[in-house]
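Dear colleague,

Please find below the structure that I am handing over to you. My findings follow directly after it.

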Amino acid sequence: MKGGLKRLLEDKVFWRSMLRIAFPVAMQNLLASSLALIDSLMVGQLGDTALAAVGIGSQLSFFANILMFGIVSGGAVFAAQYWGSKNMKGISKALGVMLCCNVPIALVFVLLGLFIPERLIALFSPEDAAVIQAGADYIRIAMFSQVGLAFNLAFSTTLRSTEEVKIPFITSGVSVVTNLVLNYILIYGKLGLPAMGVEGAAVATVVSAVLGPLLMYLMSLKKKNAISAGFRELFGFDREFVALFFKKALPVMFNEGLWSLGVMVYNAIFARMGTDCYAALTIFRTVENIAFVFFMGLCHSCNVLVGKNVGAGQTETAKLYAKRFILLIPFLAIVVGGLVIAFRNPILMLYAETSDSVRNTAATLLLIYGLEMGIRNIPYISIVGIFRAGGDTKVGMYFDIGTLWMIALPATYLCGLVWELPFVTTYLVMMLSEDLLKVVLCLMRFFSMKWIKPVVNLGPAETGVENG
C-alpha cells in the first residue's frame, strides 16, 4: 500500500506538468471571479434590487456560456488527444468546428436580449417590477458580450489543450483590469460621464469580453501557435470529421445545456422565495466562484494531461495520472473549504449596503459549501477532467442529468415552493440530493477504467482499448 501511494504521488514530471497548466488556469479564473466580486460590490452600492437584477441577468449569460462551454469541452477532447499524437491539422479543424457552433449560439442570445429582455427576467422574478426593469436594462446591453465570449472560449480552450496557458492568462488579466476601470467610470459617472448604473456595468462587460479574444489572437499570430491557423486550416473539415466531432461533442453539449438549464430552474425556485434570498445567493455565488477556480485549474490540467497521454497511446500513464487527480481533490477541498469558512464573515462585511439578513444567509450558504466542497468536486474532476479526456462523453451526461433532473430538482421544488421550508434548508437539500449519489456513480465508473475511448488512431500501445 505504501509503495502504491508512493508511486501515485512521487513523480516530478507529473507535478511540474500539472502545476504548469493548473496554476495559470486557476489564476486566470481567479482574476475573472475577482472581477465578478468587484462587480457585485460596485452594483451592491446601488441596493439589493440592483444586485438581484444583475444576478438574474447574469444567469442568462451563464446559460449561454455553458452551452458554448459544452461545445468547447467536446472540442477539447480532440485538441488534447491530437496534441498527444502531434496532429496540428486536426487541432485546427476542431477549433474551426467550435467557432462555427459557438458564434451562432452567441448571436441567438444577443437577439433574445434585444427583443424580449423583460420576459427573460420575469422567468426568475415575475412579481418584482423593479427587478424586472433593472434586469432588462442590464441584459439588453450585456448579451452582446456573448460574441466575444464565443471566440474567447474556443481560443482559450484550444491553447490550454496544447499546453499554452500564458496567453489566456495575460489576456484575461488585461480584460479584468479594463472591466474594473470601466465599471468605476460608467456605473458611478466619473470623468465627466453620466452615471449609468447597471447599464454601465453591462457596457464594461461587453468591452472587456471583446478585448480578450482580440488580444489572444494577435499574440498568437506572433507565436504561430494552435489558433493562428489560416482560414483553410480552420474550416477545411469534411463531413466525416464533423460527424466524429459531434459524436463526442453532442453528449457534452446536452450535458452542459441541460445541466445549466437545471441550474436556471434552481435559481428560478430560489428567486421565488424572495428578493432577499436571491440577493444572498448572488453574493454566495460570487465567493463560491472564487473558491472554485482552484478546482478549475486542477480539472483543466487533468483534462490536458490525461487526454494527451490517451492520444499518444500511453493508456497506463493516463490511468495513473487520473488516479493522482482524484486523490488531490479531498486534500484541496480541506484547504480551500477551510479558508472559505474562516474568512466568510470578513468577506461579507464588504457588502455593507446590503441588509443583515442577506449577509447572514450568505454566510450560512458559504459554511455549507465549505463543508461539502470535497463531495461536490469529485464528480466534477471525474466527468469533466477524466472521462471527457479519455473520450467517454456519454456516461458523465447520464450521471449529471439523471441526478439533477430526476432527484435534486424535484426535491428542491418540493422543499422551497410546496412545503415552504427555509431557504437555507432548501439549498442544503439541493446540494446533497444532487451530489451524494453522483459521487458513488462516478467512482464506480472511474475504477472500471471503461472511460478510455480514444478519438484518434493509435499504435500498438492502444491494443485492447475501446475506440470511439
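Helices here are DSSP runs of H or I with at least four residues, numbered from the N terminus. The model is a predicted one, and the points below should be read accordingly.

Under that definition, Thr426 is found in helix α16. This helix covers residues 423-448, and its 26 residues should span 38 Å at 1.5 Å a residue; the end C-alpha atoms are 39 Å apart, which agrees. Met449 follows α16 and has a positive phi, near 60 degrees.

Is Thr426 buried or exposed? Its relative accessibility is 0%, and because buried means under 20%, Thr426 counts as buried. Leaving aside residues up to four places away in sequence, Thr426 touches Phe270, Met273, Thr412, Cys415, Gly416 and Leu421.

The second finding concerns a pair of helices. Two packed helices are described by the angle between their axes and the distance between the axes. For helix α4 (residues 88-115) and helix α7 (residues 145-161), the axes come within 8 Å and cross at roughly 160 degrees. Angles over 145 degrees count as roughly antiparallel, and α4 and α7 are therefore roughly antiparallel to each other. The crossing in which α4 passes α7 is right-handed.

Which residues meet in this pair? On the α4 side they are Ile91, Leu95, Met98, Leu99, Asn102, Val103, Ala106, Leu107, Phe109 and Val110, and on the α7 side Gln146, Val147, Ala150, Phe151, Leu153, Ala154, Phe155 and Thr158. By class, this contact of α4 with α7 has 15 nonpolar, three polar and no charged residues.

With kind regards

Terms used
Residues numbered from 1 in each chain as written. Predicted model: local features only at pLDDT ≥ 70, side-chain atom pairs only at ≥ 80, totals over all residues. Heavy atoms only, no water. Helix = DSSP H or I, 4+ residues; strand = E, 2+ residues; numbered from the N terminus. Expected span 1.5 Å × (residues − 1). Axes fitted to C-alpha atoms, helices over the stretch in contact; angles between N-to-C directions. Parallel < 35°, antiparallel > 145°, perpendicular 65-115°, else oblique. Left-handed = near helix turned anticlockwise from the far one by under 90°. Contact = heavy atoms within 4.5 Å. Nonpolar A, V, L, I, M, F, W, Y, C, P; charged D, E, K, R; others polar. Buried < 20%, exposed > 50% of the residue type's maximum accessible area, 1.4 Å probe, protein only.
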